[in-house]
Amino acid sequence: MTTTDGPGEGEESCSDCGAALVGRFCHACGQDNRSRNLPMKDLIGNVLAESFNLEGRTFLTADAMLRRPGDLLVAFREGRSLYTTPFKLFLIVSAVFFVFLVWTDVAIYQFLPVRTGAEPITAELVPNGVRLIGGALRDVFLFPRADQATALETIAALEAARPGADAVQTRAIDDFIQYQRAWTDLNATLETWLPRLLWLLMPIYGLMLWPLFGGRRRMLVEHFVFALWAHCLIFILLVLFATLNWLGLRLSFWLLALPYLAYFTLAARRYYAVSTVGAAWRGAVHLLAFFLLAWIPLSFGVAWGSAWNKLPDTFWVSETSEGFDDIDRWVLPDPPTDPAP
């Protein structure tokens with residue numbers, strides 16, 4: 001049984017475990033026993049390192065992600081420890097992404113009323129309903145969080161049209177206002193669930209790589225490792241995209257597909273040992289299939305499942321609006337007429 005001798009008379013002891021000290025570092029536990037006041041930059045560095053578990057390999061990994069896509073995947077497969085493992089990198093970049101959103105007050109998703117012109121939003125009565133003028137509902141990704149001014153202006157315009165409305169038009173106004181408020185409330189629900197979907201969809205992402213890259217010639221875990229790397233790439237691109245929108249560029253979310261496919265192609269070419277053209281078309285097919293067969297069904301399932309009890313009953317009627325992408329009127333179907341005697 002090994003024991004740690006305590007300090008003798010006049011000897012210094014480790015402040016952590018109490019062992020006798022010979023030099024600056026404790027031979028028993030490795031504690032640095034030098035008293036020091038950290039400069040502010042060192043204190044901030046320690047906080048970041050503890051929060052995100054940063055180390056030298058993390059920065060080498062970031063450099064490889066940006067300049068040599070696929071290098072860290074090959075290194076991980078070959079057992080080399082030069083880079084951070086894909087799972088650890090995923091935890092770091094996802095944490096950075098969500099801290100950035102909190103710091104900048106950028107919302108992942110918003111479905112909100114917006115002005116379509118310079119004039120104030122107004123509403124006019126139409127047969128069996130009401131129509132907005134100068135306003136519409138739009139969904140935006142990774143935009144600075146909007147205030148409620150436009151939503152309140154829209155509701156005020158609908159309320160202003162109420163005095164001249166008949167019973168059917170009054171019902172349409174009430175339902176349109178309920179619809180506006182329901183989606184405003186649902187933004188928080190969607191923002192909570194969308195990050196979780198990334199975790200739920202990651203195994204599906206890996207499985208969908210299997211028929212495109214190697215099939216039975218490769219182990220399934222190789223595709224899951226690539227899925228981790230790809231989601232790291234997605235988070236990095238999302239931070240860049242959110243930063244540009246935060247600075248006022250207001251870019252379309254679909255532009256992210258271009259740099260994603262470029263990096264995917266470079267990484268897949270190296271990792272799966274295929275040609276550039278082969279990696280490119282497989283990446284495009286995978287993205288399309290993943291988006292149509294996995295991302296849209298799950299995200300819409302969460303949205304409609306959460307909205308089911310909040311949206312007005314007439315939302316499910318085809319005559320209600322001119323389309324989900326540009327809802328600017330709420331019109332109820334004609335009431336049934338009694339057959340002639």
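I count a residue as buried under 20% relative accessible area, as exposed over 50%, and as partly exposed in between, using a 1.4 Å probe and protein chains only. By that rule, 40% of the 341 residues of the protein chain are buried.

**Ground rules**

I am reading a predicted model, where local features need pLDDT of at least 70, side-chain atom pairs count only at pLDDT 80 or more, and totals for chains, interfaces and linings use all residues. Residues are numbered from 1 along each chain as its sequence is written, and side-chain values use heavy atoms, with hydrogens and water left out.

**Overall layout**

I looked up the secondary structure next. The protein chain has 9 helices and 5 strands. These are DSSP runs, numbered from the N terminus: helices are H or I with at least four residues, strands are E with at least two. Along the sequence I read α-α-α-α-β-β-β-β-α-α-α-α-α-β.

Then I checked contacts, meaning heavy atoms within 4.5 Å. Of the contacts in the protein chain with a separation of 6 or more, 64% come from residues 24 or more positions apart.

**Helices α6 and α7**

I turned to one helix pair. Two packed helices are described by the angle between their axes and the distance between the axes. The axes of α6 (residues 167-209) and α7 (residues 220-246) come within 8 Å and cross at roughly 130 degrees. That makes α6 oblique to α7. I use these classes: under 35 degrees is roughly parallel, over 145 roughly antiparallel, 65 to 115 roughly perpendicular, and the rest oblique. The axes are lines fitted to C-alpha atoms, for helices over the stretch in contact, with angles from 0 to 180 degrees between N-to-C directions.

Who makes the contact? On the α6 side I list Leu-198, Met-202, Pro-203, Tyr-205, Gly-206, Leu-207 and Leu-209. On the α7 side I note several, including Leu-220, His-223, Phe-224 and Phe-235. The contact residues divide into 13 nonpolar, 3 polar and no charged. For this, Ala, Val, Leu, Ile, Met, Phe, Trp, Tyr, Cys and Pro are nonpolar, Asp, Glu, Lys and Arg are charged, and the others, Gly among them, are polar.

**Salt bridges**

How many salt bridges does the structure hold? I find 9. Each is a side-chain nitrogen of Lys or Arg within 4 Å of a carboxyl oxygen of Asp or Glu.

I followed Arg-77 to Glu-222, with the closest N and O atoms 3.2 Å apart. Arg-77 sits in helix α3 (residues 71-77) and Glu-222 in helix α7, 145 residues apart. Arg-77 is partly exposed at 34%, whereas Glu-222 is buried at 11%.

Next came Arg-115 and Glu-153, at 3.1 Å from N to O. This pair joins strand β1 (residues 106-115) to helix α5 (residues 149-160), 38 residues apart. Arg-115 is partly exposed, at 42%.

Arg-162 and Asp-174 form another salt bridge, at 2.8 Å. Arg-162 is in the loop between α5 and α6, and Asp-174 is in helix α6. Arg-162 is partly exposed at 24%, and Asp-174 is partly exposed at 35%.

I also noted a network of salt bridges linking Arg-68, Asp-71 and Arg-270.

**Positive phi**

Leu-142 is not a glycine, yet its phi is positive, about 55 degrees. Leu-142 lies in strand β4 (residues 135-144) and is buried at 2% relative accessibility.

Arg-250 also has a positive phi, near 55 degrees. I place Arg-250 in the loop between α7 and α8 (257-271). Buried or partly exposed? Arg-250 is partly exposed, at 45%.
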